[in-house]
Amino acid sequence: MASLGDIGVSALINIITAFAFLIAFALLRIQPINDRVYFSKWYLIGARSSPRSNNNNGSFNVGKFVNLNYKTYLTFLNWMPQALRMKEPEIIEHAGLDSAAFLRIYVLGLKIFGPAAIVIFLVLIPVNVSGGILFYLSKELVISDIDKLSISNVQPESPKFFAHIFMMYAFTFWACYMLYKEYDLVTSMRLNFLASKSRQAEQFTVLVKNVPRVPDRSVSDTVDHFFKKNHSAHYLCHQVVYNANKYARAVRKRQKLQNRLDYNHLKFERHPEKRPTKKMGFLGLWGKKVDSIEYYQQQIKELDEKLTEEHQKIVKDPKSIMQAAFVSFNSRWGAAICAQTQQSKNPIIWLTDWAPEPRDVYWKNLAISFVSLTIRKLVISVAVFALVFFYIIPIAFVQSLANLDGLEKVAPFLRPLIEWSLFKSFLQGFLPGLALKIFLWLLPRILMTMSKIEGHVAFSELERSTAAKYYFFMLVNVFLGSIATGTAIEQLHSFLNESPTQIPRTIGVSIPMKATFFITYIMVDGWAGMAGEILRLKPLIMFHLKNTLLVKTERDKQKAMNPKGIDFPEAIPSLQLYFLMGAVYAVVTPILLPFILIFFAFAYFVYRHQIINVYNQRYESAAGFWPHVHTRIIASLIISQLLLMGLLSTKKAVNSTPLLVVLPILTLTFHKYCKSRFEPAFRKYPLEEAVEKDTQDEVTESEDDMKAYLCDAYLHPVLHSFEEFELFELGVDTNRAKIPSRRPTKLVSHSPSSLNVQENEASTKMQQVELVVEQHESQYSHHHHKTSTLDVEMTHH
């Protein structure tokens, strides 16, 4: 078991690692060559241009890659206060409500555990230290100095346990109070966000699944007839769902060919005296030499013919049309009525639900039949169950590393290696947390694949489903599994040499001692891990490799940035694990709380910076994940209460333990109230809000313009133009303004002249954005005598 010295070694290693990452980040972010990696969000929204193209100092060639302004090195840590300057309303406008709500989870952690830590330390640490029982058990059990600060040090049947019960009540009531306030606030933020948004396709559209087959009538005609009959006053149009997965693969192949053609066109424009050529052999290493431009033009021409045939097949072949459709209405009220009511007396047909926003649709799964979905969910449930219990093996191995003292008593031959102090401190204080982090690295990808197989039709649903599986895994394996296997290995000598009647007492004493393992995990994952998150070492390396070897056009450079967004499937369950550890050990082993508070504060700071400058959310769910966050924090409170009851029962505290029975009941009652009070705002759209919003739009908006857009908004992205498809692939929101009048576009190819026109238009827009920002900066500086985060980032170089 890790001692105070081992924890000190771990803290030193992780602090040095985190500090090194932060220094490296501070230096790398100000280099022009890395600008697209650390400020990719600003490039995607068109509010930043590369400092490499604007470098006018004397050493131009060197200055394109290295920052030669020595003054910026003196202020290389100024990104810290800059990350805090952007206010929450600005973050919502800049990055969306999902990002702002995600940051509020860290704020909630600080609000719950900050005051609780102060009170618990003042009350329980003196109570635990004065217990003294571990002094007499030190010969029987493996203990450390940290355990003397825990509830394990209190004598059985002691009246001091009333202090722990009182603090559990106080902590639960405080946590529930903060949860209620936060749920209320996030709900208000969600409703205000939805009310402030201009017309968006998802506000008027419903996804209809399991459309019944009608003889001598197509799916499109069936949908049209049903909604004209049952929603005649508000039905506007519909878009059937095509199985375009094969066509999508061909479109991606055409994209690659188009990129290569564009690259060769640009290459020829720079050197018109020499036509670009390529070899026909493997990877262009040998074979017949041909003209590259003519070759790729011919390849695209042949592929376009195949795409035209496949397109006609998709549109005309009934087998390519799925039993589903996106149905649009002329008002939010009409869409709400349809999405939130049963459409048929047969409850398994004409299933309706709100459509995800177009960027959020996971098109591949729309082609899955209703029967197949049921089978898939059953198979995946069994697979998740098997995976969770399979991972107990590596978890047990990690715990064996964390408890060398227990192994030494059983295997004396390992004593020379184990007694080497530096090696022992490294293994017990640092390696267990690192090993667990490595084991968990692949898991989110496996679980995401399972969620995709399960059949969810939106990226937000996929991520929430993956997060639910990941949380279940973290709860069973990382938390409960670590406690169970760790206790068994740690006290193996006691288990083998004591009577069965004493085993419950040993477990009751040992569970609080697992706090040392979780402290090392928090330092590895929460301290060094967060510093690694802001450094973005992997995206930095991949960007430069792609930029050197693969990037041929500006579109390639946009894709090479790969900013992605917050990794909700991994970030939220990992975050909820910290709530679980804090709730369980707040009363049992309070020394763990400062480590968790440092994590919440540091992670909030890091993610704030990343959201402002780097991340590009693929979709916007308006904080749709918050009910899941609330539910799992409530689950953490109940688990902590049950574990404390079990722990006190092993301590023979028969007089005080029954006082805890009512606490889980009160917590569940509170959760039920919050679920009834707030969750409907995340599942349904209030008709009152819909009518009010529709009334506001009646005067200013035209239904003809709406119909022209809505009938095409949910067409499979590969059936749009290539420009729109590429924006969709990058996750760029092209639908932030009010609904325009728009017609379907055909597949088109790029020419060098069209690329130049696009570049000129982009340059003009960039100048306009910079002018507006400069005006805003001067006004803001004049009135407030400070600069916003936006202005600082825009004028940094």
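Visitor: Which helix holds Ser-220?

Guide: Ser-220 is found in helix 11, residues 219-230. This is a predicted model: local features need pLDDT of at least 70, side-chain atom pairs count only at pLDDT 80 or more, and totals for chains, interfaces and linings use all residues. Residues are numbered from 1 along each chain as its sequence is written, and side-chain values use heavy atoms, with hydrogens and water left out.

Visitor: What makes a run a helix?

Guide: Helices (H or I, at least four residues) and strands (E, at least two) are DSSP runs, numbered from the N terminus. The protein chain has 37 helices and six strands.

Visitor: Why is Ser-220 called partly exposed?

Guide: Buried means under 20% relative accessible area, exposed over 50%, and partly exposed in between (1.4 Å probe, protein chains only). Ser-220 has 27%, so the label is partly exposed.

Visitor: Which residues is Ser-220 in contact with, leaving aside its neighbours within four places in sequence?

Guide: Ser-220 is in contact with His-238 and Val-240, those neighbours left aside. Contact means heavy atoms within 4.5 Å. The C-alpha atoms of Ser-220 and Val-240 are separated by 6.2 Å.

Visitor: Why is Leu-648 called buried?

Guide: Its relative accessible area is 0%, which is under the cut-off, so Leu-648 is buried. Leu-648 lies in helix 30, residues 626-650. Leaving aside neighbours within four places in sequence, its contacts include Ile-151, Phe-161 and Leu-660.

Visitor: How do you know that Glu-88 and Arg-104 meet in a salt bridge?

Guide: A salt bridge is a side-chain nitrogen of Lys or Arg within 4 Å of a carboxyl oxygen of Asp or Glu. Glu-88 and Arg-104 have N to O at 2.9 Å, so the pair qualifies. Glu-88 lies in helix 7 and Arg-104 in helix 8, so the pair ties together parts that are 16 residues apart in sequence.

Visitor: Are the two partners buried or partly exposed?

Guide: Glu-88 counts as partly exposed at 26% relative accessibility. Arg-104 counts as buried at 11%.

Visitor: What links Glu-88 and Arg-104 with Lys-111 and Glu-182?

Guide: A network of salt bridges links these four residues. The structure holds eleven salt bridges.
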